[in-house]
Amino acid sequence: MKIKTKLTLGVGLLFFLIVLLVALGVRQLHTLANDTENILVDNYNSLDYSRNMLKELDKIETDKQSLEKFQHYLELQSRNITEIGEKELTENLLEDSQTFLQQPDNKTVILLIRNDLNAIMKLNMDSIQRKSIVASQTADRAILWISITGSMCFIIAFTLLINLPSTIADPIKDLTESIRQIAGKNYSRRVHFEGHSEFGDLARSFNTMAEKLQEYSDSSLARLMMEKKRIETLINNMHDPVIGLDDTQKILFANEEALKISGLKSADIIGKPVQDIAVYNDLIRSLIQHLAGNSADNSSKNETLTIYADNKESYFEKQIVPIVITPTGETEKKEIGSFIILRNVTLYKELDYAKTNFIATVSHEFKTPIASMKMSLQLLENESIGPLNEEQQHLIASIKDDTKRLLRTTGELLNITQVETGKTQLEIEKSNVLQIVTEAVDATQKLAEQKNIKLFTAFPDTISEVWADREKTTWVISNLITNAIRYSYENASIQVQLSEDDSYVKIIVKDSGLGISSQYTSKIFDRYFRIPGSEKEGTGLGLAISKEFIEAQQGLITVESELGSGSTFTVFLKKTI
């Protein structure tokens, strides 16, 4: 609980009890005053009137005005009847007084009047005594309640007096002693204030300061210099160029390889803003292009640069690695700089280029014998050469299917080489999209039957023609259906649909298979990308080639998928109208 809250509650409770004590005292005094006023106003007046009437009755024989005074007090008494039975006694007094006025010399009547007055006086005296007892009881109750409330106020005030000062003073005392210890270079000193009060926050800040002071105290300049030299030696012995930047984009270091390919000297760049170096150095300018955008986004992307190094045109893969730390005593991470690594991938590029040339050469060389095989098969099927028995016809049909499959594989290899070399060749013309999709479905029907997968098609009665390369588009749709079959469970189903809008005809391939996690949907069209953990075989090129072919036809290919719920690939082909 916050200290301010504790003070507010303590003082507020004490203030409330004081107000309650005052209100109770005023109420009890008011009740006691009412009881006393009843005695004075009601009974005392009756006694006074009766006493004055007795006094005037004694003087009535000698003083003629006494009769008038007697009647005046009698009238006042008749209006001051407050007790039970006093009304009857007053009425008897009035009757006897009337008789006295008619018979002034009758001594018996005077005696009756005196008895009436004495009875009234006795009645009021008894009432005074009874009301005095009530007033005494009221006073006793007032003393009791005021004492109880006062005791509660005392106990709470005493508790606050004992605890509140120590709640504030003891942490301050501990903190003062801890500061004295820190000033004496005892950096292991810590303060521990439990709770979530202001002192708890202060303790955490103090301990963070002490940890940092201890960290700085335990470190040694010689040790730091040794570690610095060791790191510099490791960086300089790396075969890849490395450039380090701080959080203000000043160059901290550049190893020998980086200096060599950039043509710079260490003394000319260390400690200077990298933007200033980029003004007159083309390589540095290309390396810091990520600073114009979000460095967090660029850190995960590798970019290939062509740089003249080792007396030839070389290829380097640029990687931006941010330097992120968690400061001592803090929880949030902080970026304090970054470094740029250039990985020399020239050898891999040369091998990749050789592989591409080899595939292209082999693919072209395959086409000639495959064509000869197809021609020979056609001659064998010609009955003019000679009839074939049933077994020979089955063998020829099998060889014919294998020839078609080999021809298709050769075509895919050629497609791969075209994409990798950037020399994709398309023959875009008006095409019937229904025929394209039908050929693709027919080509994958046998593969689907092997897994007991049903291919369902939903085609409209009429569909617009599209601008497309028929052969390559058929290959793309076949590839999408093949992937759907490969990643679907047995006895599943795949839907191939056609629809159109104002600008495009849409070819939709929908399966209910494994699906793709949302973190990978944006990467599946990248070359050589395969979903981590996937047990299915593949090169990771099929979807990349498909995307290249479709976009070259001014089309679009998209994917919608959810892990465990299947995938939906949609190909948009531009309409001819």
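How exposed is Lys547, in terms of relative accessible area? Lys547 is partly exposed, at 27%. Keep in mind that this is a predicted model. Lys547 also takes part in a salt bridge, and a search of the whole structure turns up ten salt bridges. Here's a quick tour of some of them.

**Within helix H16**
- Lys547 pairs up with Glu551, and their closest N and O atoms sit 2.8 Å apart.
- Both residues belong to helix H16 (residues 542-552), and because they are four residues apart there, about one helical turn separates them.
- Glu551 is partly exposed too, with 38% relative accessibility.

**Within helix H4**
- Lys122 and Asp126 join their side chains in a salt bridge, at 3.2 Å from N to O.
- Helix H4 (residues 107-183) holds this pair, and the four-residue spacing means that about one helical turn lies between Lys122 and Asp126.
- Which side of the exposure scale is Lys122 on, buried or exposed? Lys122 is exposed, with a relative accessible area of 53%.
- Asp126 counts as partly exposed, at 36%.

**Between helices H14 and H15**
- Glu439 and Arg470 form a salt bridge through their side chains, with an N to O distance of 2.4 Å.
- This pair ties together distant parts of the chain: Glu439 lies in helix H14 (residues 433-450) and Arg470 in helix H15 (residues 470-486), 31 residues apart.
- As for accessibility, Glu439 is partly exposed at 36%, and Arg470 is partly exposed at 33%.

Methods. Residues are numbered from 1 along each chain as its sequence is written. This is a predicted model: local features need pLDDT of at least 70, side-chain atom pairs count only at pLDDT 80 or more; totals for chains, interfaces and linings use all residues. Side-chain values use heavy atoms; hydrogens and water are left out. A salt bridge is a side-chain nitrogen of Lys or Arg within 4 Å of a carboxyl oxygen of Asp or Glu. Helices (H or I, at least four residues) and strands (E, at least two) are DSSP runs, numbered from the N terminus. Buried means under 20% relative accessible area, exposed over 50%, partly exposed in between (1.4 Å probe, protein chains only).
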